[in-house]
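The following account is intended to be read beside the sequence and the three-dimensional view.

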Amino acid sequence: MTQPITVIAQPGLSSIPPLSDEMFILLREYIYDRTGIFFPEKKKYLLEGRLGKRIQFLRLDGYEEYLQLLKYGSKKEDEFDHLCEAVTINETFFYRNEPQFDVLEQVIIPELVAAKQSVGPPKLRIWSAACSTGEEPYTVALLYLEKLRHRFPALSVEIVGTDINASVLQTATKGSYGDYSVRNLAPQYLEKYFITGNGRFHLKDPVREMVTFQYHNLYDRGQMRMKRNFDIIMCRNVLIYFDMKSKIQVVAELYNNLNRGGYLLIGYSELLHGISSAFKIKSFAKTTAYKKE
Amino acid sequence: MSKTVLVVDDSATVRKFVAASLSLKGFRVITAADGMEALEKMPQEKFDLVITDLNMPDMDGFEFIKNLRETPEYAGIPIIILSSIVDQEEKDRGLQLGAYSYIEKPFSVEKVQREVARFLN
Amino acid sequence: MRPDLKDQKGNSAQTKSRRREPHVESKKYTTLWQPLTKFNERAKNAMTIESKQRIATLLTHDDSDTRRMAAEDLSETDNLATISALTAALQDDNKGVRDAASRSLVSIGGISVARGIAHYIAHEDIVTRNLAAKLLMKLGDATIPALLPFLRDPNHDVRKFAVDIFGEIRSEEPIYYLLPLLKDADANVLLSTVEALGNIGSPEALDPLCKVYETYPFARASTVEALGKIAESGSSDFVLGKLRECIGDSECDAVLLYALLEALGAVGTREALHVLFLHLDEVRGKLRSVVLHAIVQIAERCHEEVRFPESSRLLLLDALRDDTEAIRLSGAKALAQFKDEESTCAMLDALGSSEELDFLLLSEMFGRDAAFERAVELLEQGGGRGKQQLILFLGKTVDDFVRASEGYSTPEVVSSVVARAFRIVSMEWHESDQETRSIIVESLFRLDGDRAVEIMGQIITEPDPWLRVQIIELLSAVRDERALDVVSRLLDDENELVREAAVSALQAKGVALGAAPMNDLTW
């Protein structure tokens with residue numbers, strides 16, 4: 001039995017005027033200042049469409065009024081959350097960019113464990129920055145449960161997933177995924193770590209419990225300075241939405257967030273050339289990792 | 001399949017002329033402006049030989065060669081240094097770090113083509 | 001090799017850094033830092049000279065993280081003492097510290113910074129030399145007065161470094177100091193000067209460069225390249241003359257020939273076209289693409305219409321597949337006059353490597369009737385890099401295709417081609433990213449609106465609510481009104497987010513939604 005439509009709209013609601021070039025620049029400046037995300041000219045249509053829907057929903061007159069709301073409204077912080085939902089792109093899936101996970105499993109983690117073992121029981125803190133709906137940090141959890149736990153019995157792992165978009169984080173905590181997300185997972189993983197139902201794949205509790213999700217803005221320096229002592233940071237596929245200047249800032253802070261000996265992993269087609277010269281480059285056949293020495 | 005050479009030099013002119021010399025001989029050439037850019041490009045392509053300068057911003061030739069030799073996948077790749085540095089100590093250092101050969105600048109096109117052919121045939 | 005940074009107790013930082021630091025959490029910086037300043041931009045700007053000085057002393061702290069963060073926080077302090085401390089930090093053992101000091105110095109900018117760094121290009125350590133060079137380039141014009149004296153340094157490596165940096169800065173200011181180096185005793189300094197003058201682009205260098213060509217054989221290719229970069233038609237006669245000589249000489253260096261052809265493309269006049277066409281067949285192999293490129297460039301610049309003979313068609317097809325984008329573009333422009341099927345296929349196949357080339361190719365394809373079917377075939381065979389562009393093309397040209405086919409194809413044949421197009425485009429959905437999906441949806445509606453509604457209706461049963469929201473977004477961007485029918489099916493979706501998205505999408509299009517008064521809710 002389907003529910004009747006409960007939202008009531010005024011018939012004949014006129015559309016808002018299109019996004020002018022001036023307003024586009026003002027809005028993109030605001031977004032950039034708060035998040036580091038940069039909207040080039042050719043993505044103007046995207047911003048127009050996504051914000052337009054929100055403006056319609058709020059029954060505002062147009063983009064100018066929306067910007068006023070963002071800057072001076074009484075609920076501006078709430079609206080900022082909605083803004084982030086509207087402007088962040090959320091494509092991700094389990095085991096995205098396999099060679100990096102292979103390198104993590106076969107080289108990076110063993111190296112870190114060996115270094116820490118000399119001082120006591122090894123503990124690794126791993127941060128998945130801009131984790132969206134959570135597939136990336138959960139993949140690390142799966143990697144640990146399936147491959148690392150037996151090799152390194154004394155190893156304990158703390159995994160943190162963060163994002164600027166509060167609603168994807170909510171989805172992440174639920175740990176429930178569709179076909180598209182799990183398409184890269186070997187069947188053994190699906191059998192051992194997921195419960196299937198209704199065409200959905202639900203992560204079992206032991207996996208979900210390994211990851212903590214938090215709200216975090218990579219471009220907020222105050223927030224960044226509070227993240228310390230990570231051994232591995234994964235920041236893949238989000239740097240492409242920044243411009244040079246915001247990339248430089250974010251990567252500089254990520255370096256500071258690492259322990260000495262720690263690693264940064266970035267997206268497949270991304271380069272730190274021109275952005276940071278602080279890391280030691282570790283080259284592998286199919287991927288590059290960046291080490292803080 | 002033609003062999004691929006990576007040419008690393010901060011001078012655009014040198015990159016262009018070395019690339020031209022080699023592509024005229026049927027090699028495929030990819031270029032990079034310094035060691036860091038070169039290392040970041042390596043996972044996306046398969047290289048058969050590397051030609052590198054020594055003086056470059058962001059990562060000089062010595063660090064680049066050292067990095068290559070430390071990586072299992074590139075430990076055996078032929079490396080040729082192409083540089084204006086004539087100091088014998090520095091040249092030796094390059095060869096010790098793992099370069100196979102050293103060509104001095106200004107270079108002749110034939111010399112470059114010969115050296116590359118030497119290692120890729 | 002590097003000067004030893006000593007901390008307040010006089011202990012050598014170098015010795016300290018040689019001790020292997022265990023992988024323990026470094027709490028030191030945070031505890032030191034909090035009392036000095038809460039991290040907040042306004043607070044940072046209001047920092048007194050005193051606190052800035054205190055931060056500067058942290059540049060010699062034991063802990064490298066502390067040194068690095070101190071360097072970062074001095075990015076707006078332009079008093080000489082700080083600049084001096086930051087400059088010393090350029091030689092820190094730790095890469096992270098050097099990186100932070102570099103960024104701060106560039107951010108401060110100005111002549112004092114340039115003066116503080118300039119002498120490092122003569123440093124014995126290669127890392128320091130290269131770092132200094134990189135920063136001096138970034139400092140731009142401020143570097144010029146600081147670096148000029150080094151053009152006369154007795155060490156040829158130092159002179160070369162200075163020349164290279166001026167070449168990157170590209171200002172015409174130091175030109176009269178650079179020109180004399182065209183007679184430098186060291187060949188590499190000379191060559192660097194030639195390259196730098198090409199980068200700077202000043203016509204003052206034209207005559208001196210021509211003289212260098214005559215005097216120093218080893219510098220010929222470089223000189224010609226520089227002439228090309230300066231791109232003044234005044235050098236056209238000179239370059240053309242040398243090209244004629246070179247082509248006539250069997251011993252001529254292939255790289256020199258290449259440089260001459262390239263330069264001629266940039267400076268040549270109508271007269272050069274004649275020579276180039278004459279030699280199009282004589283020049284061998286890869287150089288033929290360079291000749292083609294030069295012809296196209298000159299033709300464009302001189303507003304000449306150029307007709308390529310049928311015999312050069314294969315050459316043009318080769319050029320379209322060249323590694324260099326500029327040559328591919330020229331190949332495409334030249335190929336536009338060939339309307340045969342092979343050329344059409346080759347042009348469709350070349351889609352997806354660059355925006356400029358795609359634009360050129362697609363504009364040309366719009367006029368070609370055979371292109372629609374060829375594009376469908378190409379997609380059916382895999383599509384290569386240009387899938388997105390092919391899908392876009394099919395959507396935009398289907399109406400023209402149908403119209404143009406009237407008269408020489410039966411309706412059954414035409415609709416079967418369109419059906420194939422629809423099928424292959426819809427099959428691309430699952431493996432495509434968001435951007436491509438938006439193009440797929442638009443094209444599906446243009447190819448066959450009714451079937452598109454059917455297919456999208458299946459796709460929206462996608463289990464992931466996020467994807468359903470994305471699909472709503474895509475559908476609302478489609479021009480065809482029937483797309484909204486599909487959206488309205490999601491008004492009673494189980495997920496609140498999806499329902500909300502459906503409502504706003506429909507409202508944005510001015511669709512009136514039915515009101516259900518509360519007291520009418522019955523089952």
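**Salt bridges, an interface and a helix face**

C:Arg313 is buried, its relative accessible area being 13%; here buried means under 20% relative accessible area, exposed means over 50%, and partly exposed lies in between (1.4 Å probe, protein chains only). The model is a predicted one, in which local features need pLDDT of at least 70 and side-chain atom pairs count only at pLDDT 80 or more, while totals for chains, interfaces and linings use all residues. Residues are numbered from 1 along each chain as its sequence is written, chains are lettered from A and ligands numbered from 1 in the order in which they are written, and side-chain values use heavy atoms, with hydrogens and water left out.

Side chains of opposite charge can pair when their charged atoms come close. The rule used here calls a pair a salt bridge when a side-chain nitrogen of Lys or Arg lies within 4 Å of a carboxyl oxygen of Asp or Glu. C:Arg313 forms such a bridge with C:Glu310, the closest N and O atoms being 3.0 Å apart. C:Glu310 is exposed, at 51% relative accessibility. C:Arg313 also forms a salt bridge with C:Glu342, where the closest N and O atoms are 3.1 Å apart. C:Arg313 lies in helix α20 (residues 313-320) of chain C and C:Glu342 in helix α22 (residues 341-349) of chain C, so this pair ties together parts that are 29 residues apart in sequence. Helices (H or I, at least four residues) and strands (E, at least two) are DSSP runs, numbered from the N terminus. C:Glu342 itself is partly exposed, with 43% relative accessibility.

Over all chains, the count by this rule comes to 59 salt bridges. One of them joins C:Lys134 to B:Asp58, with the closest N and O atoms 2.6 Å apart. This pair crosses between chains, from helix α9 (residues 126-139) of chain C to the loop between β3 (49-52) and α3 of chain B. C:Lys134 is buried at 12% relative accessible area, whereas B:Asp58 is partly exposed at 21%.

What does the contact between chain B and chain C consist of? Chain B gives 26 residues and chain C gives 28, contact meaning heavy atoms within 4.5 Å. The size of an interface is often given as the accessible area lost when the parts come together. For chain B and chain C the buried area is about 2,200 Å², of which carbon and sulfur atoms give 55%; this is the accessible area (1.4 Å probe) that the two parts lose on being put together, summed over both. The rule finds 4 salt bridges across this interface. The elements of chain B that give two or more residues to the side touching chain C are α1 (12-23), α3 (61-70) and α4. The largest share of that side, 7 residues, comes from α1(B).

An α-helix has 3.6 residues a turn, so residues three or four places apart point the same way.
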